[in-house]
Amino acid sequence: MTDTPSSPAPQPVYGAVTNNAFFIVATLRDDAQSLAQVRAWCADVAGLARAVGKRVPAGHLSCVVGFGATAWDRLFGLPRPAGLHPFREFGSSTRRAIATPGDLLIHIRAERTDLCFELATQLLGRLEDAIDVVDEVQGFRQFDHRSMVGFVDGTENPEGDEAVRFTVIGDEDPDYTGGSYVLVQKYLHDMKGWNALPVETQERIIGRTKLSDIELDDDTKPSWAHNALTVLEDDDGNEIKILRDNMPFGRPGHGEFGTYFIGYARSPAPIEQMLENMFVGVPPGNYDRLLDFSQAVTGSLFFIPSLPLLDTLSEQAPDTLQDTNTHDPVADTSSGKPGSGPLNIGSLKGAPRHE
């Protein structure tokens, strides 16, 4: 597979790691005026981000905007991107990756909270009553990039050219080159139960040492460790990566301690395979033991248009009602299993590397 050298510029999905982030998920109002207002807003996003960011250039402000499957059909006179579909649930009734409403995602990052706050205010002010915000989380960077459960997060993230290769759509979907997909989930943690565990037990659950962030060796790491179940390989044994930009969040006075998971990729298939490995297990029943202390309370999938496409979506009103049964080569939703896709992951090796 080759990518077109002159691909449209992507949104800043692999931007600088920052100390603060806002995650906003909204649903659209159904009336024609609201849909037109959201379309017009698409042409304003990049300019608003530049205007706010120039006030503090060292603040590394960035913004990524994405659209859910049903929102895409209602808003735009364009076929769905190849991998865009409603969020797929995995797991059982007691341990489940659930789907929750989400038509629009706004992901804002900056070194300073005031920059995130100002841009969120400006963006939402332009939308007014056209949307309903269903979830808003303000994340923070904790110490040396540690998650809420105390382990370093994002150690194996791709960087540089590798980040582009794993997150930006190439010629596998020519109409949407420069775009990406993003899957978000909000997890709440039982910190009292987690902190009651010995550090050695926590390390076996995560698959890394807590202090030094070193991966456990093959003889020590269980097959149900978090990082054993989330490592994927293609048929040729090459690792398939996603870009995580997770953030801790919480309200100690309310006993709320959480992690906002956000994963970017050029196809949803690898993220969905990771979720299936975690919630169902490899083999089934050999699930991620971190889920004994963490509950997913939201789940949504979005397509991230390239910057040029985002700017022109204001002109893409549908002439007639679109057929929502658009092509979806990624999977059969009745099985919940990813299928063949642009990264040759038709038979992702979901088995853990370490026994």
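A: In this predicted model, the largest nonpolar core holds 43 residues. Phe 67, Trp 72 and Ile 108 have the most contacts inside this core. Several elements give two or more residues to the core. The strands are E1 (20-28), E2 (62-67) and E5 (104-110). The helices are H1 (32-42), H2 (45-53), H3 (69-75), H4 (113-127) and H10 (307-312). H4 gives the most, with six residues. A second core is separate and has 19 residues. Ala 97, Leu 232, Phe 261 and Leu 291 are among them.

The largest share comes from H9, with four residues. By class, the lining of the largest pocket splits into 15 nonpolar, twelve polar and nine charged residues.

The second largest pocket has a volume of about 370 Å³. Its lining has 22 residues; Val 17, Gly 154, Asn 157, Leu 243 and Arg 244 are the closest to the centre. H5, strand E10 (243-244) and strand E11 (247-251) each supply two or more lining residues. Eight of the lining residues are nonpolar, seven polar and seven charged.

Now the backbone. Val 282 and Pro 283 are joined by a cis peptide bond, with omega about -5°. Pro 283 sits in the loop between helix H9 (269-279) and strand E13 (294-296). Phe 143 has a positive phi, near 50°, though it is not glycine. This residue lies in the loop between strand E6 (131-140) and helix H5 (160-167). Phe 143 counts as exposed because its relative accessibility is 75%, where the cut-off is over 50%. His 145 is in the loop between E6 and H5. Its phi is also positive, near 60°. At 36% relative accessibility, His 145 counts as partly exposed.

Last, confidence. The mean pLDDT of the protein is 90, and 88% of its residues reach 70 or more. Residues 321-347 have pLDDT below 50, with 55 contacts in the model beyond near neighbours in sequence. Residues 349-355 are also below 50, and this stretch has 26 such contacts.

How values were computed. Residues numbered from 1 in each chain as written. Predicted model: local features only at pLDDT ≥ 70, side-chain atom pairs only at ≥ 80, totals over all residues. Heavy atoms only, no water. Core = buried A, V, L, I, M, F, W, Y, C linked by side-chain atoms within 4.5 Å. Buried < 20%, exposed > 50% of the residue type's maximum accessible area, 1.4 Å probe, protein only. pLDDT = per-residue confidence, 0-100. Contact = heavy atoms within 4.5 Å. Nonpolar A, V, L, I, M, F, W, Y, C, P; charged D, E, K, R; others polar. 1 Å grid on protein atoms, 1.4 Å probe; cavity = no way out; pocket = protein on both sides within 12 Å on 5 of 7 lines; lining within 4 Å. Points joined across faces, edges and corners; volume = space filled by probe spheres on them.
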